[in-house]
Amino acid sequence: MLMSSGNRLDVIFTSGPPSNARGFKAEYHFVSDFGITTGEQDMETLCRFVYRSARSSNGSFTSPNFPGLYPRNVDCHYIFRGRHNERVSIRFQYFDVDGVPPSCLESTASDFVEMSNFEVDDPRDGRPPATRVCGRKSFHFWRPDVTSDGNFFRVTFRSNDVHDATGFQASYQFTRIEDSYVAGKRVLGSSSSSSFPDVSSQRTLIFQGLITTVMVSSVFS
């Protein structure tokens, strides 16, 4: 399943010499939620979802279009707000974000997930830098959980225009601070890890909307 990074997606069908291939059949959907079905979407921001303990003490969230490939050039924020005496724990069940760990820098064309106890990170305030994670993680060697210091936590997913991957799936749990026995901890990034055919015809399908999802249901050969 594919998702566009904007309001337009071009699907190009190319056929070559005569063959017995029957082509393909696909479905398309226009969506505005990036395929993220949990949380409260902030409609004033393109991709921002809020999770409040007053509504649910636990649940799940995913990267855009999961389990399909996430779109390129997206910046999604997942905001967790608990009551004054609560903190939130995040656990990743699946993680596949293209990048070069452990730093996951833009200079290495890395997509990444960033986690912070603050709405905005400003090193001039003396705050510790946000934790970034990327790569394909094996949970045999990587601790897939993190706990906030207080009742606010932010998870940011950012992709560039270079490569794709399938993203992440995670769960969250709000707990009262006096009941929580898990000390705040940070997730540390670690590594797990010409010729062209003859073209006899070319057809282009253009979909225009807010965000487009295209799912190929079958390919005939």
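# Exercises on a predicted model

The largest nonpolar core has 28 residues, and those with the most contacts inside it are Phe61, Tyr78, Phe80, Ile90, Val113 and Phe168. The structure is a predicted model.

**Exercise 1. State which strands supply the core, and which of them gives the largest share.**

Step 1. At least two residues of this core come from each of strand S5 (48-52), S7, S8, S9, strand S13 (152-158) and strand S14 (167-176).
Step 2. S8 gives the largest share, 5 residues.

**Exercise 2. List what phenylalanine 168 touches, leaving out residues up to four places away in sequence.**

Step 1. Phenylalanine 168 is among the core residues with the most contacts inside the core.
Step 2. With those sequence neighbours left out, phenylalanine 168 touches Phe61, Thr62, Ser63, Phe66, Tyr78, Phe92, Tyr94, Phe95, Val113 and Phe157.

**Exercise 3. Give the strand order of the open sheet and find the strands at its edges.**

Step 1. The open sheet is formed by 6 strands in the order S4-S5-S7-S13-S9-S10, with mixed pairing.
Step 2. S4 and strand S10 (131-133) each have a single partner strand, so they stand at the edges, and one side of each is left without a neighbour in the sheet.
Step 3. Inside the order, S7 and S13 pair in the antiparallel sense over 7 bridges.
Step 4. Phenylalanine 80 stands opposite phenylalanine 153 in S13.

**Exercise 4. Count the aromatic pairs and classify the pair of phenylalanine 13 and phenylalanine 24.**

Step 1. A search of the whole structure gives 17 aromatic pairs.
Step 2. In the pair of phenylalanine 13 and phenylalanine 24, the ring centres are 6.0 Å apart and the planes stand at 55°.
Step 3. Planes under 30 degrees apart count as stacked and over 60 as edge-to-face, with the rest tilted; the pair is therefore tilted.
Step 4. Phenylalanine 13 belongs to strand S2 (residues 8-15) and phenylalanine 24 to strand S3, so the pair ties together parts that are 11 residues apart in sequence.
Step 5. Phenylalanine 13 is partly exposed at a relative accessible area of 28%, and phenylalanine 24 is partly exposed at 37%.

**Exercise 5. Classify the pair of phenylalanine 92 and phenylalanine 95, and say whether these residues are buried or exposed.**

Step 1. The centres of the two rings lie 5.4 Å apart, with 85° between the planes, and the pair is edge-to-face.
Step 2. Phenylalanine 92 and phenylalanine 95 are both buried.
Step 3. Both also belong to one aromatic cluster, which includes Phe49, Tyr51, Phe61, Tyr70 and Tyr172.

**Exercise 6. Find the ring that has the charged end of arginine 132 over it.**

Step 1. The ring is that of phenylalanine 112.
Step 2. The charged end of arginine 132 is 3.9 Å from the centre of this ring.

**Exercise 7. Describe phenylalanine 34 and cysteine 104, each with a positive phi although not a glycine.**

Step 1. Phenylalanine 34 has a phi of about 60° and is placed in the loop between strand S3 (23-31) and strand S4 (40-41).
Step 2. Buried means under 20% relative accessible area; phenylalanine 34, at 3%, is therefore buried.
Step 3. Cysteine 104 has a phi of about 55° and is placed in the loop between S8 and S9.
Step 4. Cysteine 104 has 0% relative accessibility, so it counts as buried.

Definitions and conventions: Residues numbered from 1 in each chain as written. Predicted model: local features only at pLDDT ≥ 70, side-chain atom pairs only at ≥ 80, totals over all residues. Heavy atoms only, no water. Helix = DSSP H or I, 4+ residues; strand = E, 2+ residues; numbered from the N terminus. Buried < 20%, exposed > 50% of the residue type's maximum accessible area, 1.4 Å probe, protein only. Phe/Tyr/Trp six-rings, centres within 6.5 Å; stacked < 30°, edge-to-face > 60°. Lys NZ or Arg CZ within 6 Å of the ring centre and 35° of its normal. Core = buried A, V, L, I, M, F, W, Y, C linked by side-chain atoms within 4.5 Å. Contact = heavy atoms within 4.5 Å. Pairing = 2+ DSSP bridges.
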